[in-house]
Amino acid sequence: MERITIFGRKGCGFCVRAKDICEELGLEHRYIDIQEEGISKADLEKTVGKAVETVPQIFIGQQHIGGYTELAARLAAVTS
């Protein structure tokens, strides 16, 4: 599987869960805290390519897949 990139922020339970599931499965991933990195909602929307209301926003390789629910579903399909 290609590298997973997670855009999240402190205090976000789903962001932590997305990071944790990658670590538990030993998947190569990068977690980017949008607040620490100074990434605005507008910046994130440019990266994602559409309006963003929530975090995490997750990519596998260059493909935006959505949030935690979409990541968990993808990983469940691959690991089952």
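A residue is called buried when its relative accessible area is under 20%, exposed when over 50%, and partly exposed in between, with a 1.4 Å probe and protein chains only. By this rule Y68 is buried, with a relative accessible area of 16%.

The structure is a predicted model, in which local features need pLDDT of at least 70, side-chain atom pairs count only at pLDDT 80 or more, and totals for chains, interfaces and linings use all residues. Residues are numbered from 1 along each chain as its sequence is written, and side-chain values use heavy atoms, with hydrogens and water left out.

## Strands and their pairing

Helices (H or I, at least four residues) and strands (E, at least two) are DSSP runs, numbered from the N terminus. Two strands are said to pair if DSSP finds at least two bridges between them. Strand β1 (residues 4-8) runs parallel to strand β2 (residues 29-33), and 5 bridges connect them; I4 is placed opposite H29 of β2. Together with helix α1 (residues 13-24), β1 and β2 make a right-handed β-α-β unit. Right-handed here means that, with the strands pointing away from the viewer, the path from the first strand over the helix to the second runs clockwise.

β1 also runs antiparallel to β3, to which 4 bridges join it; T5 has F59 as its bridge partner in β3. In turn, β3 pairs with β4 in the antiparallel sense over 3 bridges, and the partner of I58 in β4 is G66. β3 and β4 form a hairpin with 2 residues between them, and G61 in the turn has a positive phi of about 65 degrees. Along β3, Q57 and F59 point one way while I58 and I60 point the other way, and all are buried.

The 12 residues of α1 should span 16 Å at 1.5 Å a residue, and its end C-alpha atoms are 16 Å apart, which agrees; the expected span is 1.5 Å times one less than the number of residues. C15, A18, I21 and C22 of α1 are buried. Seen down the axis of α1, these residues fall within an arc of 130 degrees, so they line one face of the helix. The arc is that of the directions from the helix axis to the C-beta atoms. An α-helix has 3.6 residues a turn, so residues three or four places apart point the same way. The buried residues of α1 pack against β1, β2, β3 and α3, contact being heavy atoms within 4.5 Å.

K19 also lies in α1 and is partly exposed, at a relative accessible area of 29%. Apart from neighbours within four places in sequence, K19 contacts I6, H29 and Y31. After α1 comes G26, with a positive phi near 70 degrees.

Helix α3 (residues 68-79) likewise has 12 residues, and its first and last C-alpha atoms are 16 Å apart, close to the 16 Å expected. Its buried residues are Y68, L71 and L75. They cover an arc of only 60 degrees around the axis, which puts them on the same side of α3. T69 and A77, on the other side, are exposed. The cover over the buried residues of α3 includes β1, α1, β3 (57-60) and β4 (63-66).

## Aromatic pairs

Rings of Phe, Tyr and Trp (its six-membered ring) pair if their centres lie within 6.5 Å; planes under 30 degrees apart count as stacked, over 60 as edge-to-face and the rest as tilted. The count comes to 2 aromatic pairs.

| Pair | Centre to centre | Angle between planes | Class |
|---|---|---|---|
| F7 and F59 | 6.0 Å | 70 degrees | edge-to-face |
| F14 and Y68 | 5.7 Å | 40 degrees | tilted |

F7 lies in β1 and F59 in β3, so their pair ties together parts that are 52 residues apart in sequence. F7 and F59 are both buried. F14 is partly exposed, with a relative accessible area of 42%.

## The loop between α2 and β3

The loop between α2 (41-48) and β3 contains P56, and the peptide bond from V55 to P56 is cis, with omega near 5 degrees. Most residues other than glycine have a negative phi, and most peptide bonds are trans. A51 belongs to the loop between α2 and β3 and counts as exposed at 58% relative accessibility. From A51 to K41 the C-alpha distance is 8.7 Å, at a separation of 10 residues in sequence.
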